Amino acid sequence: MQRRMLSKEEEAAVGKDDLEVRREDQDKINKFSRLHQREMLLEDDLKSRAKEKEDLEEISNELELADEDDKVPYKLGDAFIMLPLPEVQGLLSNSTDKIERSVSATEEKLSNIREEMNSLKVDLYARFGKSINLET
């Protein structure tokens, strides 16, 4: 979106079209703002989960090269425990599946938020036109 100064005609037009902000309009604006903040938090969460999933897949690939009889350190909480390779691979697989389910749930929430934001945008732009900027 390109930003520019308003021309004299546009400034005059804005003054004429200056609508009173009703309570319901302000509620919609506030709701849009809250949804936008949630959207940004969920996007950050998705990025961190994607990184975590990528790390787990990389570890799984590295463990495929290890000997079946080896014991491998596995982190549980703050401690590392030596476990047999097949057990660690199973735990990593479970962790990856858990992250995938979490990512799916977060993406669904994000989709619902974006739909609701678009609905609010339509309502607010219909009421205020160019007087309001809801582009994120």
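This is a predicted model: local features need pLDDT of at least 70, side-chain atom pairs count only at pLDDT 80 or more; totals for chains, interfaces and linings use all residues.

Biologist: Now to the charged pairs. How many salt bridges does the structure hold?

Modeller: There are 13 salt bridges in the structure. One of them joins the side chains of Arg-114 and Glu-39.

Biologist: What makes the contact of Arg-114 and Glu-39 a salt bridge?

Modeller: The N to O distance is 2.8 Å. The cut-off for a Lys or Arg nitrogen and an Asp or Glu carboxyl oxygen is within 4 Å, so the pair of Arg-114 and Glu-39 qualifies.

Biologist: Which parts of the chain does that pair link?

Modeller: Distant ones: Arg-114 sits in helix 3 (residues 85-128) and Glu-39 in helix 2, 75 residues apart.

Biologist: What about Asp-45 and Arg-49?

Modeller: Their side chains meet in a salt bridge at 2.9 Å, N to O. Both residues lie in helix 2, 4 residues apart, about one turn of the helix.

Biologist: How do you know whether Asp-45 is buried or partly exposed?

Modeller: Asp-45 has 23% relative accessibility. Buried requires under 20%, so Asp-45 counts as partly exposed. Arg-49, at 25%, is partly exposed as well.

Biologist: And why do Glu-57 and Lys-53 count as a salt bridge?

Modeller: The N to O distance of Glu-57 and Lys-53 is given as 4.0 Å. The cut-off is within 4 Å, so this pair is counted as a salt bridge. In helix 2, Glu-57 and Lys-53 are 4 residues apart, about one helical turn. Glu-57 is partly exposed with 36% relative accessible area, and Lys-53 is partly exposed with 24%.

Biologist: Which residues are linked in a network of salt bridges?

Modeller: Arg-22, Glu-24, Asp-25 and Arg-127 are linked in that way.

Biologist: Let's turn to single residues. Why is Thr-106 called buried?

Modeller: Thr-106, found in helix 3, has a relative accessible area of 6%. The limit is under 20%, so Thr-106 is buried.

Biologist: What makes the contact of Thr-106 with Ser-102 a polar contact?

Modeller: The side chain of Thr-106 reaches the backbone oxygen of Ser-102 at 2.9 Å.

Biologist: Why does Ile-59 count as partly exposed?

Modeller: Ile-59 lies in helix 2 and has 41% relative accessibility. Exposed would need over 50% and buried under 20%, so Ile-59 is partly exposed. Its C-alpha is 9.2 Å from that of Gln-89, 30 residues apart along the chain.

Biologist: What are the C-alpha separations for Lys-53 and Asp-97, and for Met-40 and Leu-110?

Modeller: Lys-53 and Asp-97 are 44 residues apart along the chain, with C-alpha atoms separated by 9.1 Å. Met-40 and Leu-110 are 70 residues apart in sequence and 9.3 Å apart in space, C-alpha to C-alpha. Met-40 is in helix 2 and partly exposed at 34% relative accessibility.

Biologist: Last one: what makes the patch of Asp-67, Glu-68, Asp-69 and Asp-70 negative?

Modeller: Asp and Glu count as negative, so the patch that Asp-67, Glu-68, Asp-69 and Asp-70 form on the surface is one of negative charge. Glu-68 is found in the loop between helix 2 (23-63) and strand 1 (71-76).

Technical notes:
Residues are numbered from 1 along each chain as its sequence is written. Side-chain values use heavy atoms; hydrogens and water are left out. Patches are made of residues with over 30% relative accessible area and no salt bridge: like charges are joined within 9 Å, nonpolar side chains (Val, Leu, Ile, Met, Phe, Trp, Tyr) within 5 Å. Accessible areas come from the Shrake-Rupley method with a 1.4 Å probe; for residues, only the protein chains shown count as cover. The place of a charge is taken as NZ of Lys, CZ of Arg, CG of Asp or CD of Glu. Helices (H or I, at least four residues) and strands (E, at least two) are DSSP runs, numbered from the N terminus. Buried means under 20% relative accessible area, exposed over 50%, partly exposed in between (1.4 Å probe, protein chains only). A polar contact is a pair of N or O atoms within 3.5 Å; within protein, one must be able to donate a hydrogen and the other to accept it, and residues adjacent in sequence count only if both atoms are side-chain atoms.
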